[in-house]
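Subject: Structure handover

Hello,

Here is the structure I said I would pass on. Please open it first, then read the notes below it.

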Amino acid sequence: MPRPNQQLHPHREPAPARLAATVLLLRDGAEGLEVLMTRRSDTARFAPGAYVFPGGGVDAADALHHHLATRRPGQHDEPLTEAIAAIRESLEELGVLLARHPDGRWADQQDIDTLDRQRDFFAQVAACGLTLAADQVFVLARWTTDRQLPQRYEVPFLVARMPEGQTPVADEAEQFEPVWLRPADALARHAAGNFFMIFPTIRTLERLRNFLDVAAVLLACAETESPLWVSCPRTGLVGGREVRYMEFESAFGELALICPDGQVQHPLDWQSERVVPLLKNVQRLTAPNPGAMTGPGTNSYLVGDPNTGYIVIDPGPADPQHLEQLWRAAGGDIRAIVCTHSHPDHAPGARPLQALCQPKPPVLGLPSAPTARAASQFSPDRALQHHELLALYLKGLEGDLAYNAGHTLQVIHTPGHAANHLCLVLLQDGLLFSGDHILNGSTTVVDPPDGDMDDYMASLDLLSHTCNELGVRYILPAHGYVIGGPEDEALAAIARLKAHRQQREAKVLAAMQSLPDGSPDDWLALAYADVPERMWPVAKRSLMAHLARITAHVR
């Protein structure tokens with residue numbers, strides 16, 4: 001984890017989250033799946049006027065009445081309590097009751113009409129001889145309110161089929177205007193500006209619209225007692241406007257690194273006019289070379305501080321303005337220039353940047369292999385060794401004092417994308433500078449003969465081991481935002497990347513088996529059918545790397 005003294009923003013403890021529960025009541029309409037929604041009071045403390053699913057706080061009494069509910073195998077006490085709370089809130093807010101008679105019949109409108117929503121719910125249910133159908137309430141998701149908000153909730157989003165013979169009637173105090181909508185229609189009305197919804201509701205409907213009917217939703221949830229997703233969104237600034245992100249989205253890891261306690265202060269706009277601080281000792285300047293292969297541009301990183309000097313990682317293309325900005329951001333005090341590999345969007349700026357500095361810092365990295373393309377020839381002043389340490393430290397300090405106050409990069413040789421590719425770990429802060437081996441938002445190209453898929457997969461395993469061993473929590477790629485989080489998000493990202501490569505290789509193998517007399521172009525069309533055709537010339541390079549790996553393993 002980054003050292004607290006290197007964080008840009010002082011720590012502040014997020015407000016505690018109160019437990020609540022909400023339930024998506026579903027039915028099959030003439031045009032597909034529909035969900036019951038209702039409008040919150042305009043005077044509500046949380047999300048006034050928003051269209052939501054019925055629900056509310058989990059009360060102590062909900063946990064005391066398990067005996068009034070039916071539970072399914074594997075439904076433990078906590079989710080049972082939450083299901084009971086959701087059932088109670090559904091009656092209180094919308095007059096919907098998920099309960100059965102002793103003979104198995106569902107409660108109907110006549111039963112509901114005998115109940116007083118203002119009186120004790122459990123006493124009335126018991127008096128009517130009803131059993132709460134908690135076994136028919138499944139966990140869909142779990143949301144926690146954003147860290148920066150003063151009023152926060154932890155909310156399981158539950159799903160259940162709407163009982164037949166019941167008509168929703170809002171309490172006209174907390175909830176108004178119950179309406180059945182297809183998820184796509186609710187999203188369209190929100191986009192048109194006449195159906196206000198908050199972020200978790202929107203994202204839940206986006207997931208829900210992928211299901212054909214109620215049975216498909218319940219089946220997906222019944223396969224596990226765990227939520228299909230869990231999220232506590234983070235917020236950044238885009239064009240000066242607040243934008244929220246879930247854990248799987250590209251900007252989430254960067255916000256987790258820079259604003260760990262939910263501060264809404266980090267601009268996410270890509271631009272190359274200024275250096276972006278990520279920590280006090282790490283800055284990023286994105287080169288003005290956006291494109292299909294480079295994303296928003298090549299990220300150059302400055303590691304260090306004014307007291308120790310700086311190491312530049314990946315100076316990028318030989319763009320004079322970009323290099324001068326790097327030099328100025330370091331106050332001219334650049335102690336070393338490290339190239340993760342020799343591709344033309346990473347290394348050409350090394351010598352011009354070196355020429356700006358006095359004294360001249362060494363250009364470090366690994367020399368390009370004979371297999372490198374002509375545009376990727378590179379000879380450093382000194383070749384780095386696997387596990388070599390590059391240290392910046394305050395003069396006059398020794399031992400632990402120097403290490404703790406300094407910045408130490410460990411070199412990790414990671415061939416695969418290129419034969420001379422390397423990554424670096426900032427040991428004191430648990431950061432991995434991944435070059436092109438791990439990218440945010442795309443997979444890197446493995447282009448034989450300098451690229452090798454066997455080496456690439458082995459390097460992924462090495463990086464996974466390194467992150468686990470050295471406590472790396474964040475990955476800083478050469479293209480795209482920071483990846484990771486305070487737990488095992490970095491390791492999970494590497495695992496997903498490896499799984500993606502394995503799945504792609506399985507598609508290549510299946511294409512070869514389907515067309516044994518086919519050409520690489522024939523197999524490309526099958527194995528990369530999910531990739532836009534305009535990207536096939538680039539994808540073909542990785543296809544050839546997969547073919548070489550498959551052929552080698554068959555022998």
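To read the helix packing, you need to know that a helix axis is a line fitted to C-alpha atoms over the stretch in contact, and that angles between N-to-C directions run from 0 to 180 degrees. Please also keep in mind that this is a predicted model.

Two helices

Start with helix α5, residues 183–191, and helix α6, residues 199–208: the two pack at an angle of about 140°, and their axes are 8 Å apart. Angles over 145 degrees count as roughly antiparallel and 65 to 115 as roughly perpendicular, so α5 is oblique to α6. The crossing of α5 past α6 is left-handed. On the α5 side, the contact is made by Pro183, Ala186, Leu187 and His190. On the α6 side, Ile202, Leu205, Glu206 and Leu208 make the contact. Sorted by class, six of the residues in this contact are nonpolar, one is polar and one is charged.

A hairpin and a buried histidine

Next, look at strands β13 (residues 276–279) and β14 (residues 282–286), which run antiparallel and are joined by three bridges. The hairpin from β13 to β14 goes through two residues. One of the bridge pairs is Leu279 with Val282 of β14.

Now find His322, which sits in helix α9, residues 320–329. Is His322 buried or exposed? With a relative accessible area of 1%, His322 is buried, because buried means under 20%.

Val411 has Leu424 of β22 as its bridge partner. When you follow side chains here, remember that in a regular strand they alternate between the two faces of the sheet.

Regards

Key:
Residues numbered from 1 in each chain as written. Predicted model: local features only at pLDDT ≥ 70, side-chain atom pairs only at ≥ 80, totals over all residues. Heavy atoms only, no water. Helix = DSSP H or I, 4+ residues; strand = E, 2+ residues; numbered from the N terminus. Parallel < 35°, antiparallel > 145°, perpendicular 65-115°, else oblique. Left-handed = near helix turned anticlockwise from the far one by under 90°. Contact = heavy atoms within 4.5 Å. Nonpolar A, V, L, I, M, F, W, Y, C, P; charged D, E, K, R; others polar. Pairing = 2+ DSSP bridges. Buried < 20%, exposed > 50% of the residue type's maximum accessible area, 1.4 Å probe, protein only.
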